[in-house]
Amino acid sequence: MLAVKAVQQHYIATREILYMLEQFRCMMNDCVQIGLDQNLTSLKALSLKAYRQLARYDVMSYYKLCAISAATGILRNNRRAVRHGNKARRPYVRSLRLTTCYGFKIQDGTLLLPHRPRERIRIALTAHVQDIIHGHPVRSVTLTRDKLSLAYAKHVIEISTHGFLGIDRNLDNVTLAATDGSIAKHNLSEATRISATYREVRSHMRRNDVRIRRKITGKYGRKQSEMVKQILHHASKLIVQQAKQKQFSIVMEDLTGIRRLYRRENGQGRWIRGCMNSWSYGELQRQIDYKARWEGLPVIYVHPHGTSARCSRCGSRMARIPEENRQLKCPHCGVSVDRDVNAARNILARGVRFAPFAPPIEAMVQESAAGGNPESRRERVNSKAHESKS
Ligand SMILES: [Zn+2]
């Protein structure tokens, strides 16, 4: 199994690099245009149609191929958005960002990027970056106006684990339930507060000039998202460390359809929908996923339907205790439990159910209770598909 991580550093773009970035941006937009006009999303089809059109660009062919590949990603996202019935704007690339997986070299602490035949741009790597990528092959390079990012890889052997760790991400915390019976919570309310404040500020901006507004939100947004990312990095690091120490597989909800779950018709308030749809919700999962894979820990995804509504002990529908809004009570088996813990246990139980072996734990009780209904059968298929993908 190949695991990939990335490391970043600041750098100062020379005129040559800025020129290349701008060319790359224009090539991507050309490809997106061609893809939209001819309804193409596959790399092969787009290469055939677009490559010759890119002849007028004065850049090396490495970058043409990478621009086509980057455009394919944009076209796929766009097609998915359209299919889900979202109001998708016609995609157009504004930011300067070049990703290449061909032609570069790293030599004596310097990144060498092909620029013209037999001519290379040199960018010095910091000691920190050199240290981190040491011994790992670099798979791709991404340049923006002021940052350079290297994706590096290693082959990992999947650890054979002795248990599972179910992870439930909520609005203001992340709750963990493990097969050894332990429960843990990490507070993330600060991250939620920062993203909520940012949305608030942005919604009050009434500047008429689109360019000014974009500039302000851009700078402000970057600062906010850096802060949120740091909070999430801290939590995801601790979680993966804990799982590694105990040798537990990680179980999380498959959130691919989550945005649809939290749309207007579902009766939630605007504020809560904003939080659930914000990128930070999925970001924690993304971080846990790649950090776990890097350590060789298996990651299992399960269907999110009903994880917060059902009793983690017997599978019945839970009732809210009116005076304590975080507690749920099961009318069937009488258990009273924190709603986040209940959800984490349900996620854990779903992961355990699809495992090749099953440790003897309480969560297994649910198997017999819920095993027969069609909903859980669908879920089984769903999770199988995910496991074979990884
Ligand atoms: Zn119950």
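## Where to begin

In which strand does L98 lie? L98 belongs to strand 2, which covers residues 97-100, in a model that is predicted rather than determined by experiment.

## The chain as a whole

The protein chain holds 12 helices and 15 strands, where helices (H or I, at least four residues) and strands (E, at least two) are DSSP runs numbered from the N terminus. Of the 390 residues in the protein chain, 44% are buried, a word that stands for under 20% relative accessible area with a 1.4 Å probe, protein chains only. Among the contacts in the protein chain with a separation of 6 or more, 66% join residues 24 or more positions apart, a contact being heavy atoms within 4.5 Å.

## The surroundings of L98

L98 is buried, its relative accessible area being 1%. Leaving aside neighbours within four places in sequence, the residues in contact with L98 include M20, L21, F24 and Y63, as well as V141, T142 and L143. From C-alpha to C-alpha, L98 and C66 are 8.3 Å apart in space, while 32 residues apart in sequence.

## Helix 10

Helix 10 spans residues 339-353 and is mostly covered, with 13 of its 15 residues buried.

## Basis of the values

Residues are numbered from 1 along each chain as its sequence is written, and side-chain values use heavy atoms, with hydrogens and water left out. In this predicted model, local features need pLDDT of at least 70 and side-chain atom pairs count only at pLDDT 80 or more, whereas totals for chains, interfaces and linings use all residues.

Notes
Buried means under 20% relative accessible area, exposed over 50%, partly exposed in between (1.4 Å probe, protein chains only). The expected span of a helix is 1.5 Å times one less than its number of residues.
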